[in-house]
Amino acid sequence: MSLWRIAWRSIQRRGLASTLTALSMALGVTLVVAVLLIHGLVERSFRNNSSLGYNVIVGFPGGSLQLVLNSVYYLSKPIENIRYDQYEEFLSIEESAAYRQEIRSDEPPLERDGRFHMLKKFAIPLCLGDYFGRFRLVGTTCQMFEDFEYDPEEHRKYTFSEGRNFKTYSEEHGYFECIAGSTVAREHNLKLGQKVSARHGDPEGDLHDEHPFTIVGILAPSGTPNDRAVFVNIEGFYLMDGHAEPIDEDSEPTASLEETSTSITGASGRSDSDSASVNPLADVSLEYRPLPFRQRRVTAVLVRTVNALVTPRLESVIDEDPTMQAALPIGEIFSLFEVIVRPVQKVLLAITVLICIVSGVSILVSIYNSMSERRHEIAVMRALGASRAVVMQVVLWESVILSLGGGIIGWLAGHGLIGLLGPLIEERTGVLVSPFDLTPRLEIMIEILKVELGMPSEFVLIPGLIILAILVGFWPALTAYRTDVAKALNSSP
Amino acid sequence: MLNLKDVKKQYIEPNGEILTILDIADFQVATGEQMVLLGRSGCGKTTLLYVIAGISRADAGKVMIDNLDIQRLSESGRDRYRAEKIGYVFQTFNLLPGFSALENVMLGMTFARQRKNAQHAKRLLTRVGLGHRMTHKPTAMSVGEQQRVAVARALANRPKLLLADEPTANVDPGNQKQIVELIRETCSEENVTLVMVTHAMEVASQFSRTVRLEEINRATAETQQGDLSSNDNTVTGVP
């Protein structure tokens, strides 16, 4: 018989006590795995969103972190806005002309190329401030969901589980198309064609029921904060009450319902009578003219520079303007991670270590308590020729089997638990999880060998459990080692 | 085969007094011999067997087995010696309750260096009449069956010397003779030297050589308070 089998028989004999001990270890490891996976989720939710396809965020001066929290995570209250012409510094004459034509604006295009247009690969404006339920309503351009890659390394783009991207202007809905993030759609049971209205400035604010938006698309889950937002056409956003910046000049054109009778002769050059004859629905949409550019404001501009080398230059030039600031999201996110998330992670890791120790102690107590009743058994083995080292090994095997058995059950249960909680986690955090996800990589630097080992931390769990089992089994094993054979044999079995 | 010279074993009592349990000047058993040591309770029978088995170490003297002085062996050396050369049948069988009859027999093989041989273990169990009870655990067996398993276990490693410590003490009278005969027969078949200790005269009467422990143990002779009773064939004061 092998020694592990002798240990296994002993475990079987003390069935209930052994089961409870292994269960305690299983519960401990379940918690450890769950905590490590959640630790990984927290990290992933930060790291995933730290490379959303843009590397500079331009906004109003204030805290860079607040700008990032606002623009990337849709958290915190929006700060002040920047002027639209500041956003247009990222556009060329051609781009501004094309956009004006697209929105059917009759305003002239830029007279010169924007100062930064050569430095940018793209620049997407964001307008924040309104809510749909507890979620943010984001005014932006359709560029965000067209060729924009939110994860350039993996070439991931936003996709639609249903419908399509909103259009800058559509015959059917005018400027009032929107798309919903996957979490918002699920939570509010949103369907294509449904009309949604935003609340101004606050989840409990005034309802913007004057301009409902029609849902034309529902985003597939992306694991980014965009799952938790509703994206409306920025032109429709500007036309909602209170979104136009007041101007002093009496001559300045303003957007209003009263102007619906004026002909829409912008870029299309059509008259309203023409459009009515072509498409009666267009009349309804064309009740509105786009908001004049001078009345527009932008909360943030998401910029991807043509290359990393120009980023510092762009940042410094923008920061020279007292009404603008450039924030580098990756740097901000990582400093936030280091300041807030890392300490939390450390606490979580400390908790896991404590859980392991408590589980280990329960094994120690269980085996140690059994030693008095097993002293006779050990003496019999010694009388049959087992050495002190052999009986010690039998006890250590018992500890290893209980620890490892409980550990494997706990490991499976931990992943099962994450699998069960997956939909809830995705709903709450926007992070996609699977029971097959592994815990975060553990970087072990072996200084002497100058080698850095990177492996999922749970792969350290099993050798760790064996070491723990040996450590906690050592004391009872020592009791077995020290058993006085003659004395124990003379005692009643 | 077995040769004890000037063997002494002493214990220190709680009050500090030194109690001599064994003081044997000379005791020999020939290879293949089957003999019985007869003695009353507390006269040092079990202690003597422990010393011969290397479970306890004598305080003085030589314990020679096949010209090997086990007194000179280290503890691990004595463990190995016990695993490979000694078979031990206990008064209370000392089978491990969580193990089947076959596993109990094979347990004895686990600690010896020789190859584990399940066939040999099965053959021994069949030999002691338990071929049909190999997978049963001790708790599901009668007292007689348990002692048979203990005999098979003691012979599992093909020992040179079998030490049997009152193997019939817990067996009903009807089975006593059978057990003793079984031990003697299997020892003969396996060419194993047998030393059995008992307090029962009817057990001793089955052996051609009987040695009263009091005759060879000077410590017992000095402190002897009772004597063998010829009426009930047992040593007085035996529980």
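Author: The model is a predicted one. Asn94(B) lies in the loop between strand E6 (86-89) and H3 of chain B.

Reader: Why does Asn94(B) count as buried?

Author: A residue is buried if 20 or more other C-beta atoms lie within 10 Å of its own. Asn94(B) has 23 C-beta neighbours inside 10 Å, and therefore counts as buried. Its phi, near 55 degrees, is positive, and the residue is other than glycine.

Reader: What makes Asn191(B) exposed?

Author: The cut-off for an exposed residue is 12 or fewer such atoms. Asn191(B) has 10 other C-beta atoms within 10 Å, so it is exposed. Asn191(B) sits in the loop between helix H6 (173-190) and strand E8 (193-198) of chain B. Although Asn191(B) is not a glycine, its phi is positive, about 60 degrees.

Reader: Why is helix H1 of chain B called largely enclosed by the rest of the structure?

Author: Nine of the nine residues of helix H1 (residues 45-53) are buried, so the helix is largely enclosed. Among them are Leu48(B), Leu49(B) and Tyr50(B). Gly54(B), with a positive phi near 80 degrees, follows H1(B).

Reader: How many residues of chain B are in contact with chain A?

Author: In chain B, 22 residues are in contact with 16 residues of chain A. Helix H2 (75-85) and helix H3 (101-110) of chain B are the elements that give two or more residues to this side. The side of chain B that touches chain A comprises 11 nonpolar, seven polar and four charged residues.

How values were computed:
Residues numbered from 1 in each chain as written. Chains lettered and ligands numbered in written order. Predicted model: local features only at pLDDT ≥ 70, side-chain atom pairs only at ≥ 80, totals over all residues. Helix = DSSP H or I, 4+ residues; strand = E, 2+ residues; numbered from the N terminus. Contact = placed C-beta atoms within 7 Å. Nonpolar A, V, L, I, M, F, W, Y, C, P; charged D, E, K, R; others polar.
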